[in-house]
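Keep the structure open beside the text as you read.

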Amino acid sequence: MLHPKVSICIPFKDTAHFLPECLDSILNQTYQNWEVLAVNDHSSDSSFELLKSYAEKDNRINVCTNKGAGIIPALQTAYSKSSGEFITRMDSDDIMKPHRLEVMVKSLLEYGKGHVAVGQVNYFSDLGISDGYERYEIWLNELTSQGANYTEIYKECVIPSPCWMAYRDDFEACNGFQPNRYPEDYDLTFRFYEKGLQIIPCKEVLHLWRDYDTRTSRTHEHYAQNYFLDIKLHYFLKLDFDKNRPLVIWGAGFKGKTIAKKLKKQKIDFTWLCNNPNKIGKKIYGKKLVHFKKLMELQHPQSIITVANEASQQEIRAYFKKNGQRPATDYFFFC
C-alpha cells in the first residue's frame with residue numbers, strides 16, 4: 001500500500017500546558033509518514049521552547065514563527081512550508097486518537113480525489129462539558145457517521161476544524177487557507193462544499209476536542225455570532241439562493257433580525273414569517289411580520305429558518321415535510 005506523507009498544520013499560542021499531550025498523540029500515531037508544521041503565533045509562555053525541544057528529537061517536527069498575527073496567517077505560514085500529498089490541521093490543545101491518521105489516509109486512498117476525510121469527535125474538559133457542547137457533539141457525529149454533513153451546513157460548522165484531511169490538489173482548488181475570513185474553519189467547510197468535495201462517512205471517534213474557558217473560539221471576537229451569520233448568508237446567497245424564487249425568513253429573534261437587516265441592505269426582498277402572536281402584524285426595519293401560513297400562498301419559496309428552539313424546529317420540519325418541501329433545497333436551518 002502507498003504511504004503518502006501527511007502535512008499536519010498546527011498554529012499555537014500559549015498552550016504549553018497542553019502541547020505535550022498533543023505532540024505525544026502525533027508521535028504515537030499508527031501511521032508514521034507525517035510532518036508537523038507548527039507555527040508560533042507570538043506566544044508569551046514556554047510553548048515555543050517546548051516545541052523546539054520536540055523538534056530537536058524528531059526531524060519530522062518543524063517549528064517557526066508566524067509571519068503575521070492570528071490563526072489564519074499562522075495556517076498560511078504552516079502550509080507554505082508543507083510538502084505532503086495530504087493536508088490536515090491540528091489544534092495545539094487537542095489530542096489525536098492513535099489511529100486517526102491511518103483511518104483518514106486509508107479513506108482518501110480508497111475514495112480518491114474529490115473527497116474529504118473526517119472523523120467523529122469527543123469533547124473533554126476538566127470542568128465538564130456543557131449541555132450545548134454535548135448536543136453539538138452528538139449532532140455532528142451523527143452527520144459524520146453518514147457523511148451527511150453538508151445537509152446541515154447552514155446550521156453550524158459541520159466539519160470540525162482539527163479533524164479533516166484532504167488531497168493537496170483538492171485543498172488548493174478550494175483556495176486552502178488563503179481567504180482572510182473568520183471563523184476560518186467554517187469558511188473552509190463552505191469552500192469544500194462549494195467545490196463539491198464529497199465527505200467520506202466515518203463511524204469512529206478520531207479526535208479528542210478539549211474545551212476550556214480561555215480557548216480561542218470562546219474568547220476571540222472572530223468567533224462571535226455575527227461572524228457566523230455573515231458567513232452563512234454570504235455562502236447561501238452565493239451557492240443556494242435562487243433569485244427566481246420568493247425568499248422567506250422564519251423567526252424574528254436576534255438571528256432573524258440580523259439576517260433581515262443584511263438582506264434589506266443588499267436590496268433583496270423577502271417575506272418575514274413569525275408564529276409569535278405578539279409580533280405578527282408588527283413592523284421591524286419597515287418590514288411587516290406575517291403568520292407562517294402565508295408560506296403556502298407563495299409560489300415555490302426558499303426559507304431561512306432562524307428559530308432556535310429545538311421543539312419548534314421539529315414542528316417546522318414536520319410542517320415542511322407535510323407540504324412537500326425539501327431540506328437543503330427548499331429550506332435551510334440557520335441555527
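**Ground rules**

This is a predicted model, so read it that way: local features need pLDDT of at least 70, side-chain atom pairs count only at pLDDT 80 or more, and totals for chains, interfaces and linings use all residues. Residues are numbered from 1 along each chain as its sequence is written, and side-chain values use heavy atoms, with hydrogens and water left out.

**The annotated stretch**

An unreviewed UniProt entry puts "domain: Glycosyltransferase 2-like" on residues 7-171. UniProt positions use the numbering used here, feature names are shortened, and such annotations may be inferred rather than shown by experiment. In the model, the end C-alpha atoms of residues 7-171 sit 12 Å apart, and the span is 38% helix and 22% strand. Helices (H or I, at least four residues) and strands (E, at least two) are DSSP runs, numbered from the N terminus.

Seven strands make an open sheet in the order 3-2-1-4-8-6-9, with mixed pairing. Strand 3 (61-65) and strand 9 (198-200) stand at the edges with a single partner strand each, so one side of each has no neighbour in the sheet. On average, neighbouring strands here are turned by 25° against each other, direction ignored. Helix 3 packs on this sheet, touching strand 1, strand 2, strand 3 and strand 4, and its direction makes about 150° with that of strand 1. For such angles, axes are lines fitted to C-alpha atoms (for helices over the stretch in contact), and values run from 0 to 180 degrees between N-to-C directions.

Who pairs with whom? Two strands count as paired if DSSP finds at least two bridges between them.

| Strands | Bridges | Sense |
|---|---|---|
| Strand 1 and strand 2 (residues 34-40) | Seven | Parallel |
| Strand 1 and strand 4 (residues 86-89) | Four | Parallel |
| Strand 6 and strand 8 | Three | Antiparallel |
| Strand 11 (residues 247-250) and strand 12 | Three | Parallel |
| Strand 12 and strand 14 (residues 287-291) | Three | Parallel |

Strand 1 (residues 6-12) is mostly covered, with seven of its seven residues buried. Buried means under 20% relative accessible area, exposed over 50%, and partly exposed in between (1.4 Å probe, protein chains only). Val6, Ile8, Ile10 and Phe12 point one way, while Ser7, Cys9 and Pro11 point the other. In a regular strand the side chains alternate between the two faces of the sheet. Valine 6 stands opposite tryptophan 34 in strand 2, and isoleucine 8 has threonine 88 in strand 4 as its bridge partner.

Strand 1, helix 1 (residues 19-27) and strand 2 make a right-handed β-α-β unit. Right-handed means that, with the strands pointing away from the viewer, the path from the first strand over the helix to the second runs clockwise.

A cis peptide bond joins tyrosine 182 and proline 183, with omega about -5°; proline 183 is in the loop between helix 6 and helix 7. In helix 7 (residues 184-194), nine of its 11 residues are buried, among them Asp185, Tyr186 and Phe190. Those buried residues pack against helix 3, strand 4, strand 6, strand 8, helix 6 and helix 9 (contact means heavy atoms within 4.5 Å). Just after the helix, glycine 196 takes a positive phi of about 80°.

**Strand 12**

Thr271 and Leu273 lie on one side of strand 12 (residues 271-274), Trp272 and Cys274 on the other, and all are buried. The chain gets from strand 11 to strand 12 through helix 10 (residues 254-265), in a right-handed β-α-β crossover. Tryptophan 250 has leucine 273 as its bridge partner, and cysteine 274 has histidine 291 in strand 14.

**Two histidines with positive phi**

Histidine 42 has a positive phi of about 60° although it is not a glycine. Histidine 42 is in the loop between strand 2 and helix 2 and is partly exposed, at 42% relative accessibility. Histidine 300 has a positive phi near 55°, in the loop between strand 14 and strand 15, and is partly exposed at 45%.
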